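Here's a quick tour of a protein model for anyone just starting out with structures. Have a look at the picture first, then follow along with the points below.

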Amino acid sequence: MERRRINLALQGGGSHGAFTWGVLDRLLDEEWLELAAISGTSAGALNGAALQAGMASAKGRQAREAARQNLRHVWNEVGQVSDSRIVRWLHSVFPVPRHMERLTETFSPFAWFDSMTRLFSPYDYGPFYTNPLRSILRTLPYPEFGGKCETRIFVNATNVRTGQTRVFRDKEVTVDAILASACLPTIYRAVKLHDPVTGQMESYWDGGYSGNPSLWPLYHPDLPRDIVIVNINPMRRDDVPKTPAEIADRVNEISFNSALLAELRAINFVKRLHDEDRLQGRVMKNVLMHMILDDTLMNDLNARSKIMPDPGMLDRMFNAGRESAHAFIEQHADDLNQRDSVDFSALFPRVASGG
């Protein structure tokens, strides 16, 4: 296969990020596929930084194996901190009708946990506060983040004071930067990091609030045109949410997709300008867009599973990610570096003008 260079854009979504783990694991099989840059948010930042640290530790096949080891370590450890195994085991052994499922939702560990986050802040824990992701990141087989290699890394977080995206680049990607990108404020305390622009310490929350993930760091002239988004938030749900839990889930998904959709709409606009030859010599990169996703799987899950994983679900997500990446390679490998595989006309249908 002819060598192809691509950029990856990795969404956040808590433990659903194990789907991205599977996607990356499958992409690493293809030595003809060069990963030029990664932009990641939250779980996407965790995946991207772990992969890039592994790639920076060695060369060739050894680099890819090191990346695999880092990713495997992350998700094995995430599975060990789950406390929802009993409830999920009961649901798998004794399936219940939807009206009974609402009752179990009310008394599930997630419902209890969600109620606690409305009553207590992570700042109420005093000296007992911990972030389990810190120890997971520090015990990686290859823990040197932001190391120099052919794959660049961008990690997105949200500045609490301004509400704007902060993109940590290459050497700026540290354990704290990744924790900032994955900082859900109802669970974790804001992460403080120095901002070279303001010259002061700033507090950061999850990057999903401002860019999930940010695509614009991948527009650099030195990077390839192709951006492959790994989606773990469903782009659409055909059924109208009706229960309180379903409504909250969909609000969460829409909120965390809004910045990405705005960037995709802007890309679509630039593509139309290119097609109509209206740029008049101005340099605007006409990026090529691709997506790896499994909306059927993601529609079968809910937001509660994002923060209460279990090893069985993580395995399911990993396998689904590998299968989706395999299908993408089979169907769209020849599109890479040549054309879009995203159908922008279906994503943003144009309203016919009257007359």
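Why is helix α1 (residues 18–27) largely enclosed by the rest of the structure? Because ten of its ten residues are buried. Keep in mind as you read that this is a predicted model.

**Helices**

- The buried residues of α1 are A18, F19, T20, W21, G22, V23, L24, D25, R26 and L27.
- Helix α2 covers residues 43–56, which makes 14 residues. From its first C-alpha to its last, α2 reaches 20 Å, close to the 20 Å expected at 1.5 Å a residue.
- α2 is mostly covered too, with 13 of its 14 residues buried.
- Helix α3 takes in residues 60–80, and R64 is found there.
- Is R64 buried or exposed? R64 counts as buried, because its relative accessibility is 10% and the cut-off for buried is under 20%.
- Ten residues separate R64 from G54 in sequence, and in space the two are 7.1 Å apart, C-alpha to C-alpha.

**Strands and how they pair**

- Which way do β2 and β3 run relative to each other, parallel or antiparallel? Strand β2 (residues 33–41) runs parallel to β3, and five bridges join them. If you want to find one of these spots, look for A37, whose bridge partner in β3 is R152.
- β3 and β4 make a hairpin, with five residues between them. In that turn, G163 has a positive phi of about 75 degrees.
- β6 is another antiparallel partner of β3, this time over three bridges. To spot this pairing, find N159, which stands opposite Y204 in β6.
- β6 pairs with strand β5 (residues 191–195) as well, in the antiparallel sense and over five bridges. Across this pairing, K192 stands opposite S203 in β6.
- β5 and β6 form a hairpin of their own, with four residues between them. G199 sits in the turn, and its phi is positive, at about 75 degrees.

**Packing inside**

- How many residues does the largest nonpolar core have? It has 67, and those with the most contacts inside it are L8, F19, L51 and F145.
- Helix α12 (residues 311–332) gives the most to this core, namely eight residues.
- Another core of 20 residues lies apart from that one, and I227, L260, M289 and F344 are among its members.

**Empty space**

- Rolling a probe the size of a water molecule over the atoms is a way to show where empty space is left.
- A search of the whole structure turns up one cavity of 30 Å³ or more. The volume of the largest cavity is about 50 Å³.
- What lines the largest cavity? The lining is made up of I6, L27, W32, L33, V228, I292, F328, I329, A333 and L336.
- Sort that lining by type and you get ten nonpolar residues, no polar ones and no charged ones.

**Backbone details worth a look**

- Where in the chain is P213 found? P213 is in the loop between β6 (200–206) and β7 (226–230). The peptide bond leading from N212 to P213 is cis, with omega near -10 degrees.
- D170 lies in the loop between β4 and α8 (175–181). Its phi is near 50 degrees, a positive value in a residue other than glycine.
- N337 has a positive phi as well, near 65 degrees, and is likewise a residue other than glycine. Look for N337 in the loop between α12 and α13 (344–347). With a relative accessible area of 29%, N337 is partly exposed.

Definitions and conventions
Residues numbered from 1 in each chain as written. Predicted model: local features only at pLDDT ≥ 70, side-chain atom pairs only at ≥ 80, totals over all residues. Heavy atoms only, no water. Pairing = 2+ DSSP bridges. Helix = DSSP H or I, 4+ residues; strand = E, 2+ residues; numbered from the N terminus. 1 Å grid on protein atoms, 1.4 Å probe; cavity = no way out; pocket = protein on both sides within 12 Å on 5 of 7 lines; lining within 4 Å. Points joined across faces, edges and corners; volume = space filled by probe spheres on them. Nonpolar A, V, L, I, M, F, W, Y, C, P; charged D, E, K, R; others polar. Expected span 1.5 Å × (residues − 1). Buried < 20%, exposed > 50% of the residue type's maximum accessible area, 1.4 Å probe, protein only. Core = buried A, V, L, I, M, F, W, Y, C linked by side-chain atoms within 4.5 Å.
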